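Subject: Handing over the two-chain model

Dear colleague,

I am passing this structure on to you, together with some notes on what was found in it.

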Amino acid sequence: MSADLAIRLRGVVKRYGSITAVDGLDLEVPVGTCVGLLGPNGAGKSTTMRLLTAQAIADEGDLEVLGYRLPEESKQARAQLGVTPQLDNLDTTLTVEQNLLVFTHLYRIGRADRRAAIARALAMANLVGRRESRVDKLSGGMRRRLLIARALVHRPRLVLLDEPTVGLDPQVRQELWALIDALRAEGTTILMSTHYIEEAQRLADTVLIMSHGSAVAAGPPAQLVAEHAGREAVEVYGPPPRLAEVETAARTAGLRTRRTGTSVSVLGVEGADGRAPEGERRPANLEDVFVLLTGEEIA
Amino acid sequence: MAIATPPRPARLGRLERPALTGVLVREIVNYSSYWRASTFSSTVEPTIYLLAFGFGFGSLVSEIAGYEYVEFVGTGTVATAVLFSSAFPAMFGTFVKYQFQRTYDAVLAAPVDTEELVTAEALWMAIRAGVYGCVPLVVAVFFGLDPAWGMLTVPGIAFVAGFGWACFGISVAGFASSFENFNYVVSAVLTPLFLVAGTFFPLSELPEWAQIAGELNPLHHCVELVRHAAFGWDGWTDLVRLGALVLFGLVMWRIAIYAMTRKLVD
């Protein structure tokens with residue numbers, strides 16, 4: 001079963017007027033793994049998510065989710081899919097339990113199993129004590145946890161998380177990571193879009209980096225780092241003219257660089273004694289790869 | 001790599017009962033949190049119309065088209081109550097759920113299609129219209145309208161009319177790109193239809209072209225049916241009126257599904 005795919009996209013194209021949001025995307029999510037879709041804003045991550053629930057219909061390409069062809073068989077796929085949207089769309093005047101109850105009906109859980117399904121989702125999201133609270137009385141972190149719990153009531157085989165921690169403070173983010181990690185440990189297949197690099201690095205078995213609607217690199221985070229950014233980087237701080245100087249020098253020496261706002265990182269310096277500038281040495285990371293591949297300019 | 005092949009459940013069809021139930025449950029559970037406000041407005045509003053017109057106007061005209069004015073208005077405002085509890089909540093509710101609450105994103109990610117979503121929401125508003133539509137009649141009975149067996153059909157008439165108007169409202173929300181667009185519909189469509197329905201004055205006093213136009217107004221058919229339910233049926237004419245309401249409902253239903261599919265699935 002390890003070779004089976006929960007999601008397979010081939011050459012998927014989605015256009016909105018003159019804008020091509022998804023441009024020939026290939027994506028594979030093996031069963032039982034967590035795949036992170038990493039990309040800057042506007043890279044096509046959310047459109048990809050919408051395509052997977054047939055809320056957007058692809059112009060070209062083949063899409064299969066849990067063995068069902070989209071969009072024709074999307075309803076069958078959706079029955080076994082859990083989705084956490086990027087924007088909170090809980091029913092805010094209802095209680096936590098009522099929100100879950102509604103979704104046990106939408107996901108067609110039989111009468112006999114509803115209570116247990118709600119109890120399980122509450123426990124998973126650590127909201128047992130909040131069962132009776134109205135959603136508009138919950139903190140931002142609790143609402144996010146409930147949003148995830150709501151996607152789990154029917155024990156989906158595949159979970160789509162669209163920017164699960166966007167706009168949350170670090171404590172809450174860690175809480176959610178623990179929840180997602182627990183889900184992963186249960187063997188649920190996860191596709192998660194994010195533009196937080198740390199999130200992808202911690203949670204994803206495989207990362208797919210998207211830029212301008214297509215995949216520019218895919219693989220386990222460590223492998224991507226080794227492949228594109230090398231082992232070590234040197235970070236040089238200084239005033240802008242100095243940074244420009246370092247950049248030019250490094251490029252002449254055949255080294256790759258990237259800006260980090262206040263500094264320049266010179267990459268792949270492990271085998272470049274003498275050619276590398278003086279500065280702080282650090283291990284290369286996924287952010288280096290991300291910026292290298294998706295560009296430094298903000299679109 | 002091979003694609004995972006799950007055990008295939010029977011192919012899921014269109015307009016499935018579990019999907020409709022799911023959406024209805026969402027509406028009913030939500031209703032439990034706001035039923036007071038909605039019942040209040042649906043009850044008080046037609047009562048005010050009834051009192052204002054019934055006594056205000058009723059002091060000038062005691063009889064109209066062979067009925068006492070309170071009876072005339074009491075039966076007529078059923079259609080008003082139906083309109084207010086279907087078209088308006090459909091327009092505003094649908095737009096809010098789409099634009100601000102993003103409810104539909106969540107519902108459509110579940111095994112529910114747009115067709116089922118629209119149908120269930122329209123059914124729910126039709127049920128409410130069926131119940132709230134009876135309020136003016138009950139109030140009118142307190143003010144002297146004689147109860148009649150035929151009145152037992154009023155919830156059914158209000159349901160059929162309410163379904164059409166709910167679908168009308170959903171369609172408007174589906175085509176509108178902003179809240180402001182609703183103003184055009186309310187001023188140019190709903191207000192004239194509401195006034196030229198035979199609710200407050202009979203259409204027979206209007207010029208002929210307006211009478212003919214009135215026959216195309218679904219609200220007018222609702223008014224006439226309710227009046228006949230209270231005062232005596234008019235045979236085939238009433239069946240044709242009922243047919244017109246059913247047709248209105250069916251056409252609006254398909255338009256609503258088209259409009260919402262266009263809006264929700266891109």
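With which residue of chain A does B:Glu116 form a salt bridge? The partner is A:Lys75, and the closest N and O atoms of the two residues are 2.6 Å apart. Please keep in mind, here and in what follows, that this is a predicted model.

**Where the chains meet**

On the side of chain B that touches chain A, the elements that give two or more residues are helix 1 and helix 3 (103-109) of chain B, and helix 1 of chain B gives the most, with ten residues. Taken as a whole, 39 residues of chain B are in contact with 42 residues of chain A, and the two chains bury about 3,600 Å² between them, with 54% of that area on carbon and sulfur atoms.

**Chain A in outline**

Chain A has 299 residues, of which 54% count as buried, and its secondary structure comes to ten helices and 14 strands. Its C-alpha trace spans about 70 × 45 × 40 Å along the principal axes. If one takes the contacts in chain A between residues at least 6 apart in sequence, 68% of them join residues at least 24 apart.

**An open sheet in chain A**

One part of chain A to look at is an open sheet of four strands, which has the order 2-1-4-5 and antiparallel pairing. Its edge strands are strand 2 (19-30) and strand 5 (68-69) of chain A, each of which pairs on one side only. Strand 1 (residues 5-16) of chain A is joined to strand 2 of chain A by nine bridges, the two running antiparallel, and within this pairing A:Val13 has A:Asp23 of strand 2 as its bridge partner. Helix 1 (residues 45-52) of chain A packs on the sheet, where it touches strand 1, strand 2 and strand 4 (60-65) of chain A, and its direction makes about 115° with that of strand 1 of chain A.

**Strand 7 of chain A and its neighbours**

Further along chain A, strand 7 (residues 158-162) is largely enclosed by the rest of the structure, because five of its five residues are buried. Both faces of strand 7 of chain A are covered, with A:Leu158, A:Leu160 and A:Asp162 buried on one side and A:Val159 and A:Leu161 buried on the other. Strand 6 (residues 81-84) of chain A runs parallel to strand 7 of chain A and is joined to it by four bridges, one pair of bridge partners being A:Leu81 and A:Leu158. Strand 7 of chain A also pairs with strand 8 (residues 189-194) of chain A, again in the parallel sense, over five bridges, and here the bridge partner of A:Val159 is A:Ile190.

**Helix 10 of chain A**

Helix 10 (residues 286-294) of chain A is likewise largely enclosed by the rest of the structure, since seven of its nine residues are buried; among them are A:Leu286, A:Phe290 and A:Leu292. The N-terminal end of helix 10 of chain A is capped by A:Asn285, a side-chain oxygen of which lies 3.0 Å from the backbone nitrogen of A:Glu287. After helix 10 of chain A comes A:Gly295, whose phi is positive, near 90°.

**Inside chain B**

In chain B, B:Ser85 has its place in helix 2. B:Ser85 is buried, with a relative accessible area of 2%, and its side chain reaches the backbone oxygen of B:Ala81 at 2.8 Å. Leaving aside neighbours within four places in sequence, B:Ser85 is in contact with B:Ser42, B:Met125, B:Arg128, B:Ala129 and B:Tyr132.

Helix 5 (residues 135-142) of chain B also has buried residues, namely B:Val135, B:Pro136, B:Leu137, B:Val139 and B:Ala140. What covers them includes helix 1 (17-57), helix 2 (69-99), helix 4 (114-132), helix 6 (154-175) and helix 9 (218-231) of chain B. Helix 5 of chain B is followed by B:Gly144, which has a positive phi, near 115°.

With kind regards

Conventions: Residues are numbered from 1 along each chain as its sequence is written. Chains are lettered from A and ligands numbered from 1 in the order in which they are written. This is a predicted model: local features need pLDDT of at least 70, side-chain atom pairs count only at pLDDT 80 or more; totals for chains, interfaces and linings use all residues. Side-chain values use heavy atoms; hydrogens and water are left out. Buried means under 20% relative accessible area, exposed over 50%, partly exposed in between (1.4 Å probe, protein chains only). Contact means heavy atoms within 4.5 Å. Two strands pair if DSSP finds at least two bridges between them. Axes are lines fitted to C-alpha atoms, for helices over the stretch in contact, and angles run from 0 to 180 degrees between N-to-C directions. A polar contact is a pair of N or O atoms within 3.5 Å; within protein, one must be able to donate a hydrogen and the other to accept it, and residues adjacent in sequence count only if both atoms are side-chain atoms. Buried area is the accessible area (1.4 Å probe) that two parts lose on being put together, summed over both. A salt bridge is a side-chain nitrogen of Lys or Arg within 4 Å of a carboxyl oxygen of Asp or Glu.
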